[in-house]
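Good morning. Please have a look at the model on the screen, and I will walk through a few parts of it.

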Amino acid sequence: LAGPNLEVEYVDQALETELARELRVQKNGVIALVRGTGEARQVQRIRLGETLDKAQRKLKKLDKDVSKALLQLAADPRKAYVTVGHGEMYWKTGAGVLPARTIADMKAELKRLNFTVSELGAIQGLASEVPEDADLVVVMGPTEAFMGEELAALDAYRRGGGALWLALDPGTDADMGGVLTPLGLAFPGDAMLVGDTNVWVATRRVTDRYNIFTNKASTHPSVTTLSRNSKTRALLTPLSAPLTVLKTGEHKVEVTVRTLPEVWLDVSANVRFDARVEERKGWPLSVAVSGT
């Protein structure tokens, strides 16, 4: 691991008492990853143990632990807000909450990337403005309408250069036009995408046709992993609807993920292809928008 950006040093905790105190290491068998000096110093510790028997369980996931610690050190602390109060996906489970609508893993990944994650709703002030310390605002699958003041606050945050991540489900009352229209986007959500090949067979019923997946990703940085592994990996997008890209020209809008070309929009709502009113093509599933 040693190189121009990383210095590796082995020390004995009992002999280097001052350093051990500064790094808060009380025993040997600890990896201390350190960035900076003095008051600006950041430290991440990984406890392995002093014998192989004690360390074996830790060694099985050492790569993951080191990667997580290095990310914590390399990235400055950032703040992410997840909107609440509109039937959004949430990281806690409870009565009436479907397991498929939990985002516990998403929250854990944000924390791994050195984000602190907090709720943002009307109670937290969304009806007036997005907090100034927000590095990212996430809106995950709302099912109920936002107040006009909340949509205005999200739009103002975005126009001020804020990063906004918006994920929508079809067939809900969550009209996000106040945020999408200024970006040159629309999400009707009144019909779902269907495929009769390359679908996930879950029930062996015709409704499995809603379980489409795709490997059609652009070269945009947000989908690099999918794009590089498109020959062996695919993205499952069940119960999805397409975005509509309007011709405004005010922003740079790049479609990052499309459906496979055999997919159609089920405007007839019968899960069967009708060539008279339906079209097979690659429909936009996600876009990245830049510019204010």
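I start with Asn211, which counts as buried because its relative accessibility is 10%; buried means under 20% relative accessible area, exposed over 50%, partly exposed in between, with a 1.4 Å probe and protein chains only. This is a predicted model, where local features need pLDDT of at least 70, side-chain atom pairs count only at pLDDT 80 or more, and totals for chains, interfaces and linings use all residues. Residues are numbered from 1 along each chain as its sequence is written, and side-chain values use heavy atoms, with hydrogens and water left out.

Asn211 sits in the loop between strand E8 (193-194) and strand E9 (213-214). Helices (H or I, at least four residues) and strands (E, at least two) are DSSP runs, numbered from the N terminus. Leaving aside neighbours within four places in sequence, Asn211 is in contact with Val199, Trp200, Ala202, Leu236 and Pro238; contact means heavy atoms within 4.5 Å.

Next, helix H5, residues 148-159. Which of its residues are buried? They are Glu150, Leu151, Ala153, Leu154, Asp155, Tyr157 and Arg158. Their cover includes strand E5 (136-140), strand E6 (164-167) and helix H6 (177-180). Just after H5, Gly161 has a positive phi of about 100 degrees.

Last, the sheet. Three strands form an open sheet in the order E10-E13-E15, with antiparallel pairing; two strands pair if DSSP finds at least two bridges between them. Strand E10 (216-217) and strand E15 (284-290) are the edges, each pairing on one side only. E10 is joined to strand E13 (residues 252-258) by 2 bridges, and Lys216 has Arg258 in E13 as its bridge partner.
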